[in-house]
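Hi,

Here's the structure I promised to pass on.

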Amino acid sequence: MRRQILITHILLSSALILNACGAEHNQTADMQAAPKVKAVSETSSNDAAGIAGTGVTAPDAPVETREIEPASALGITARAVPGQPENFTANIYPTQSLNTEIYAHSDDNPIKRAAEESVSTFSIDVDTGSYANLRRFLMNGQKPPADAVRVEEMLNYFSYDYKGPRDASIPFRADADVMTTPWNPNTKLLRLAIKGYQTPLDHRPAANLVFLIDVSGSMQDQDKLPLLKAGMKMLVDQLDPEDKVSIVTYAGSAGLLLAPTPGSEKETIRAAIDGLDAGGSTAGGEGIALAYAKAREAKVEGGINRILLATDGDFNVGVTDIDALKEMIEENRKSGIALSTLGFGEGNYNDALMEQIADVGDGSYGYIDSLNEAKRQLVDGLQANIETIAKDVKVQIEFNPAVVAEYRLIGYENRALSREDFNNDKKDAGEIGAGHNVTALYEIALVGSKGLSTDPLRYQDEGTTPDLPTKAEEFAFLRIRYKAPDGDASKLIETPLPTAWLARDRPPVTDDNFAAAVAAFGQYLKGGDRLGSFGLGEIASLARAGRGQDESGERAEFINLVELTEALNGTAAKN
């Protein structure tokens, strides 16, 4: 009996132990189930919906708010509800905003017959914005719009080993050279080279700089206002005590952030830069008016007086019409105050506005796509970009139809002038800054060569100029007009170009090769109608032959861009 009681006790104890273990097991399972529901809700919306139907999560559980990592950079905050399905595709990959970038259209310069139109006239250009902007496109894996490509701004982005004038009595020196055209062995490439006088750094005139800064909502992106602020801080170190800096901002309305401040008060200037913040719409016209007022207030007689407009060009309040803005700037430049533009950003960028108002403002146009470019514009190239050594510079070249049958100017489409504009001192033209390089290329076909693109005339023999001496020893005559920075009457430089150059048989110099490569790449990006079978591989090889010492690395970067474009084309072809 006692044995049966003992057995029964053992069985009951075992049952109690098993029940206790089962309860503990169920409690552990319940505790583990909750994080599983949360984990699934972050990874699979379908599974999350199924688990939610089991009733494991209480319906009145608090809603968890979190930021989805990939979307945070886009300014998107998602609300994750445990146990509920989520549309992750919509949150992580939002619809791309509409691209509203604006570029002015221009057709390529046509081939002209020297017998019919022997004179070519244009204004020089030292803008570089087009190159930096198209670099941005290519680095993003996109081919730039054809209208975004201006070959002259690509050419003039780079420095060349041009000889400058001996002293400041002559503001610049002009030279020319001839090589066989790399993409057409039956034509010649004429390179015109201008080098501005480089004022010694310790002799730079005092500068009155007014920064006109767009602080509208469209400027808040990291590649806009934050990039500008970093560049401005680097510029502060270049200021002399005699310099003055003002900061005018504009958004819904214009305001004065920093009154004219001596360059010696660097901490005050840096503090003002730190105070820049973006928000609001863009009343650009009002800002320009206030900037000119402050520039006149602090004007340095005999010094540098310049407004630096930094924006994405998205003017949408007040004076927004380009022609009206240009009229305002044209009227104000008469006071001796120049206006340059610095462009930023993508998506809503207005290249057409930035380039045109800089031209009217007697200034230069640059585009800043990186901190390196900010340093290049605001530190390394500061003196060239703010100190004008010659204004209203015009180039005119007359081709001898007895020697040259056809010619075309590569680039400078929106800088073309009529023949009579050359002698008209009222006609505005481009400016040259201290140490600036200016390059222009003509492709020419000689009389009787295989490089002609047009048929000979039926009623006129090739290469004849009736009743006029042929001057066969000259193939062209170069004229350049310019004014002193504070002058109203132009001066004239004239140089004959000898026909003997056309027969020279020597390898092209390094700069010839590189300038030709840049021009070829620009033409390629615009459509490449004149390049024949000369492709990106040949352009890269030509650029490598013209790389030279390249201490700045800018030529190596160009070669890389050409190679990237070739790789992009290969990828597109495979797809």
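Just after helix H11, Asp362 takes a positive phi of about 60°. This is a predicted model, where local features need pLDDT of at least 70, side-chain atom pairs count only at pLDDT 80 or more, and totals for chains, interfaces and linings use all residues. Residues are numbered from 1 along each chain as its sequence is written, and side-chain values use heavy atoms, with hydrogens and water left out.

Back to H11, which covers residues 351-360: nine of its 10 residues are buried, so the helix is largely enclosed by the rest of the structure. Among them are Asp351, Leu353, Met354 and Val360. (Buried means under 20% relative accessible area, exposed over 50%, partly exposed in between, with a 1.4 Å probe and protein chains only. Helices are DSSP runs of H or I, at least four residues, and strands are runs of E, at least two, numbered from the N terminus.)

Next, the largest nonpolar core, with 38 residues. (That's a set of buried Ala, Val, Leu, Ile, Met, Phe, Trp, Tyr and Cys joined through side-chain atoms within 4.5 Å.) Tyr131, Leu155, Phe158, Phe521, Ile539 and Phe558 touch the most other members. Helix H14 (510-525) is one of the elements giving two or more residues, and its 10 make up the largest share. A separate core of 35 residues includes Phe122 and Ile432.

Finally, Gly430 sits in strand S15 (residues 430-433) and is buried, at 3% relative accessible area. Beyond neighbours within four places, Gly430 is in contact (heavy atoms within 4.5 Å) with residues including Ser123, Ala390 and Arg415.

Cheers
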